[in-house]
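This report covers charged side-chain pairs. The sequence and structure come first.

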Amino acid sequence: MNAIYAQLDRLGDLPVFSATVNRIRQVSSSRESDAMALAMAVMKDANLSTKLLKIANTPSYNRSGGQISAVSRAVVLIGFERIQNLCVTLKLIESFRNEQPNAGVEQLLIRAFLNASLARELAAAAGALDIEETYICGLLYGLGEIIVAFTLPDTYAEMLRQRERAKERWPRIQLQQLGGNFSDIGQDLAQSWGFPKNVVQAMDPLTADQLRGNGRLNHRLAVGCHDLLELVYRRDTAGELDYSSLLGELAETTRQPVDNMDRYISEAFRQVCDLADEYGVQHRLVSPQLSLSDDPALDEMTRKLAYYVRSREARNPAVFPDESAEQHQPARETLLMERQLHHLQQMNELIAAPTSASDIIEAVVTAIAESSALERVAFCQLSANGQELKARICAGKDKDKDILKTFFQLHRQMPGALLFFRILEKRMTLLVPDSDEPGWQERLPEHFLQGVGPKGFIMAPLVVKDRVLGLMYADKGEEVEDQEFKVFNQFMMQARLGLEMLHSRR
């Protein structure tokens with residue numbers, strides 16, 4: 001876990017948990033939001049808007065055949081909860097697929113989406129109350145393996161080699177190489193990223209025993225579909241699974257005839273082919289390999305799926321206009337990008353030369369303020385006893401700096417101060433794109449909202465060599481955008497790197 005988190009720190013926060021996705025999750029979960037509010041949230045990400053429009057125009061959603069060119073219409077057509085899950089899916093693929101092209105990550109992402117789609121199809125057939133939650137459970141079930149392949153590609157490659165030799169069972173290989181199972185890693189990350197408790201519990205058989213009703217059904221569908229796909233893609237090299245038995249168990253779970261299972265599997269593959277077409281994923285990554293096994297039923301299903309996938313290779317999806325995309329980059333953004341490059345160069349020079357911790361932190365605070373539209377930035381130092389948090393370095397207009405210095409004189413026992421110390425204890429980043437959105441006003445300390453008055457803000461702990469130094473804070477009078485969040489994370493990574501190098505020199 002330490003190695004994985006260290007690598008994720010170097011890579012920065014993943015786009016799947018970007019400001020856009022967080023905002024979409026908040027809006028789509030609010031009973032007070034309408035289709036236009038959700039459409040506006042989606043349109044803040046031009047790339048995401050384009051992809052959702054293309055998906056909305058696939059036969060899965062557009063039954064009428066008329067062209068859908070407005071995001072707001074796509075939202076109404078697809079539905080709030082499914083829009084939310086599609087956004088998480090699209091950003092998950094965007095996060096991982098280009099970083100480690102040789103580590104098998106793309107194949108794992110395709111199978112995660114297949115798992116989610118098949119689980120949702122079966123949940124709908126079973127009459128589940130929340131089929132979109134089932135989808136998320138299926139999508140995240142293999143998160144641990146995806147993360148290992150992404151962050152530790154050499155370790156993962158060795159694990160696959162051991163699996164191919166079939167001398168050890170796959171769970172045993174995970175224990176030997178990682179000290180735990182993929183599910184342990186996936187649960188830890190899913191919990192830290194803020195997914196609901198029942199979704200996290202459904203990712204592992206031990207914790208799933210505590211679930212009842214729909215939660216228990218989610219786990220059974222997620223693991224059952226996962227094991228079925230392991231067979232379809234011939235990854236069950238140890239022969240521990242049986243195709244007919246798995247189909248029977250899924251049929252019993254959903255109270256559906258076994259003969260109906262083929263239809264649900266085919267529908268899930270059709271959906272993943274739509275997504276592959278949209279993202280330009282090679283069809284060979286979707287198509288199962290044609291080979292003979294001891295199970296004629298499995299061979300027949302594999303043959304049909306492979307034929308279906310290959311038959312779509314010649315398709316050329318239409319490109320639909322995006323009502324929100326801007327093709328030009330404003331001068332303001334260009335200037336900020338130039339400043340960002342300038343400060344990155346300065347940081348590299350500072351890190352290479354003899355310096356102090358305060359110089360590094362001050363340079364990072366200045367860089368965040370000058371390289372983004374974030375208006376106020378502060379580093380708040382944690383006292384040695386962990387009971388006090390005080391603003392030491394601030395950037396912004398003089399009046400704004402005074403506000404931050406006045407507020408961030410916190411003691412753990414002060415009313416409303418616990419939130420800030422909890423962030424340090426949990427070592428988590430808190431992003432609130434818009435504090436006026438439903439839910440935040442009730443959850444955030446009143447004296448913070450009144451005393452500091454941010455519209456959107458970011459808070460993250462600065463941790464070096466397992467020691468928490470303090471809290472980095474940044475805000476603005478408008479919503480925090482994805483690019484501002486990326487700049488914040490980039491310079492936080494530079495701060496950790498510089499302080500770790502300074503520590504090693506000593």
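Is D436 buried, partly exposed or exposed? D436 counts as partly exposed, at 49% relative accessibility. Here buried means under 20% relative accessible area, exposed over 50%, and partly exposed in between (1.4 Å probe, protein chains only).

This is a predicted model: local features need pLDDT of at least 70, side-chain atom pairs count only at pLDDT 80 or more, and totals for chains, interfaces and linings use all residues. Residues are numbered from 1 along each chain as its sequence is written, and side-chain values use heavy atoms, without hydrogens and water.

The whole structure holds 15 salt bridges. A salt bridge puts a side-chain nitrogen of Lys or Arg within 4 Å of a carboxyl oxygen of Asp or Glu. Three of them are tabulated.

| Pair | Closest N to O distance |
|---|---|
| D436 and K455 | 2.9 Å |
| E425 and R422 | 4.0 Å |

D436 pairs with K455. D436 sits in the loop between β4 (430–432) and α23 (440–443), K455 in the loop between α24 (446–451) and β5 (456–464), so the bridge ties parts 19 residues apart in sequence. Helices (H or I, at least four residues) and strands (E, at least two) are DSSP runs, numbered from the N terminus. K455 is partly exposed, at 22%.

E425 and R422 share helix α22 (residues 418–426), 3 residues apart, or about one helical turn. E425 is partly exposed at 44%. R422 is partly exposed at 42%.
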